[in-house]
Amino acid sequence: MPILIGFLWLIGYWLIGEVFVHFTGLPVSSGVVGMLLLSVTLTIRGRVPNSIAAAAQPLIALLAMLIMPGVVGVFFILDELAGQWPAILFALILGTLLSVTTTLWLLKRLMGKHYAR
Amino acid sequence: MPANALLNTLSATPLFAVGLTLAAFLLGNLLFKRFRKPTWLPAILIASLLLAATLAVIGLSYDTYRQDAGWLTILLGPATVALGMPLYQQLPHIRALWQPLTICLPIAATLAACYALLIAWVLGSSPLILASIAAKSVTAPIAIGITEQIGGSVALLLGALLITGVATAAFVGLAARFLKIEDERIIGFALGLNGHAIGTVRAFEISPTAGAFASLGMSLTGIFTALILPLAWRLIGVDG
């Protein structure tokens, strides 16, 4: 039963997120609002209730499966974007190389005395 | 014709699409372990290739499949909320290094999107493509929400996530060696910030500390981008 109680909490937070987005009109997703509310609640309580852990852990482990139906879609738009792929690939790969290097360099500089050799 | 009738009978229930997805996911994971976990070929890519090939072979249209698989994907909502739990568990790390992290995160997360957007824009990509790759470094459940809000293609976004994740896992080692960085906290944070879930999985292979910092980088980038990007997009859209 704990898993169901936890699942109900997660759905509840998601629905609160929906209501929040509906009334504020902010362009954020209800999942993100629910996620922030959950972590604030846990911080106030100071621990993770068993029910939440029982529902959250398996869901997080299954994230990759939940996005699969969407990932598969990319193989069905290959033709649509035929001439565009070289630019997309180049942008993603070079962009990622640049941003990985920047993050590493920046955080090393910022950590200064915290930096461990 | 009989084969067609059979397909119609099977695809009359969403359980067919759900079953195909579960089977491809499990088989993908199994093959991934068999191949000794190559960084350039994550389990989700193997599983997606298997699934796409299956759909093509049996002749089930992607639209039908996606609609039926909605019985699974609806769980993305509560799964995104569930990420609040690991975020809470990372709080001690955030407190210990809050100063460097709070300065680094907004700059690095913004650049993670801007470098790719700028290159794609220079190469003449359409606004639809730009909107689809903007959230390329954000963890999938959050990135899907962002992309729907700014009007991109979710299918292209997920492809971009896959490429970005694999590229991050491959480049971090090279870049760290080039910059002479050995601190696992920095490497982990860079993996999660740039390479979302795929980078985080790679970080856990390095060490638990790297993994914790990767989850931290992934969560913070997701939150930051989810709050800023749709607003920024709206502003740029109004100006342009």
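These legends describe close-up views of the pockets and the cavity in a predicted model.

**View 1. The largest pocket draws on 42 lining residues.** The space inside this pocket is about 1,100 Å³. Nearest its centre lie A:Ala64, B:Ala197, B:Ile198, B:Thr200 and B:Val201. Helix H12 of chain B, residues 184-206, gives the largest share of the lining, with eight residues. By class, the lining has 27 nonpolar, 11 polar and four charged residues.

**View 2. The second largest pocket holds about 790 Å³ of space.** Its lining has 33 residues, and B:Thr73, B:Leu76, B:Ile144, B:Gly145 and B:Glu148 are the closest to its centre. Several helices each supply at least two lining residues. From chain A these are H1 (2-24), H2 (30-45) and H4 (63-72). From chain B they are H4 (62-73), H5 (76-82), H10 (140-150) and H11 (154-178). The largest share, five residues, comes from H10(B). Here the lining splits into 19 nonpolar, 11 polar and three charged residues.

**View 3. One cavity of 30 Å³ or more is present in the structure.** The largest cavity has a volume of about 30 Å³. Its lining includes the alanines B:Ala109, B:Ala112, B:Ala113, B:Ala134 and B:Ala135. B:Ser137, B:Val138, B:Thr221 and B:Thr225 also line the cavity. Two or more of the lining residues come from each of helix H8 (98-122) and helix H13 (208-239) of chain B. H8(B) gives the largest share, three residues. Six lining residues are nonpolar, three are polar and none is charged.

Methods:
Residues are numbered from 1 along each chain as its sequence is written. Chains are lettered from A and ligands numbered from 1 in the order in which they are written. This is a predicted model: local features need pLDDT of at least 70, side-chain atom pairs count only at pLDDT 80 or more; totals for chains, interfaces and linings use all residues. Side-chain values use heavy atoms; hydrogens and water are left out. On a 1 Å grid over the protein atoms alone, a cavity is a set of points where a 1.4 Å probe fits but cannot get out, and a pocket is an open set with protein on both sides within 12 Å along at least five of seven lines; lining residues have an atom within 4 Å of a point. Grid points are joined across faces, edges and corners, and a volume is the space filled by probe spheres set on the points. Helices (H or I, at least four residues) and strands (E, at least two) are DSSP runs, numbered from the N terminus. Ala, Val, Leu, Ile, Met, Phe, Trp, Tyr, Cys and Pro count as nonpolar, Asp, Glu, Lys and Arg as charged, and the others, Gly among them, as polar.
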